[in-house]
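Please work through each task before reading its solution.

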Amino acid sequence: MENKRINKTGTQEIECSIERALNIIGGKWSFLVLRELFHGTKRFGELKKSICGLSPKSLTETLRHLEENGILIRKAYATVPPTVEYSLTEKGHSLHCIIHEMKVWGTNWT
């Protein structure tokens, strides 16, 4: 289903549900973070180690984006040093079949 919206110049635009979904998920790193979190709760360092080429800054931005969009939950513990864990929400888990199909497609076509 498509929604109509008015942009800053007053022109009407059609917003596609695929576009909305991609805006919620975010950039390329989001897919890899999701892949890791499908296996369970992870700490920042675990995510950083498991995703090759991902800088701490990009990981932080990706995690914030996913949290703001209700895809994951950030839980901080009052320890020294601070412990922070990330886990998927129900909304985040609902992306599992989509990511799995992307994996199958990538295996078959790349």
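**Exercise 1.** Determine how many disulfides a search of the whole structure finds.

*Solution.* Step 1: the criterion is a pair of cysteine sulfur atoms within 2.5 Å. Step 2: a search of the whole structure with this criterion returns zero disulfides. Step 3: for Cys-16, the nearest cysteine sulfur belongs to Cys-97 and is 17 Å away. That separation is too far for a bond. Step 4: Cys-16 is partly exposed at 25% relative accessibility, whereas Cys-97 is exposed at 51% (buried: under 20% relative accessible area; exposed: over 50%; partly exposed: in between; 1.4 Å probe, protein chains only).

The model is predicted: local features need pLDDT of at least 70 and side-chain atom pairs pLDDT 80 or more, while totals for chains, interfaces and linings use all residues. Residues are numbered from 1 along each chain as its sequence is written, and side-chain values use heavy atoms, without hydrogens and water.

**Exercise 2.** Identify the salt bridges and describe the accessibility of the partners in each.

*Solution.* Step 1: a salt bridge requires a side-chain nitrogen of Lys or Arg within 4 Å of a carboxyl oxygen of Asp or Glu. Step 2: the count under this rule is two. Step 3: Arg-35 pairs with Glu-36 at 2.9 Å, N to O; Glu-36 is buried at 12%, and Arg-35 is partly exposed at 33%. Step 4: Lys-57 pairs with Glu-61, with 3.7 Å between the closest N and O atoms. Here Lys-57 is exposed at 59% and Glu-61 partly exposed at 44%.
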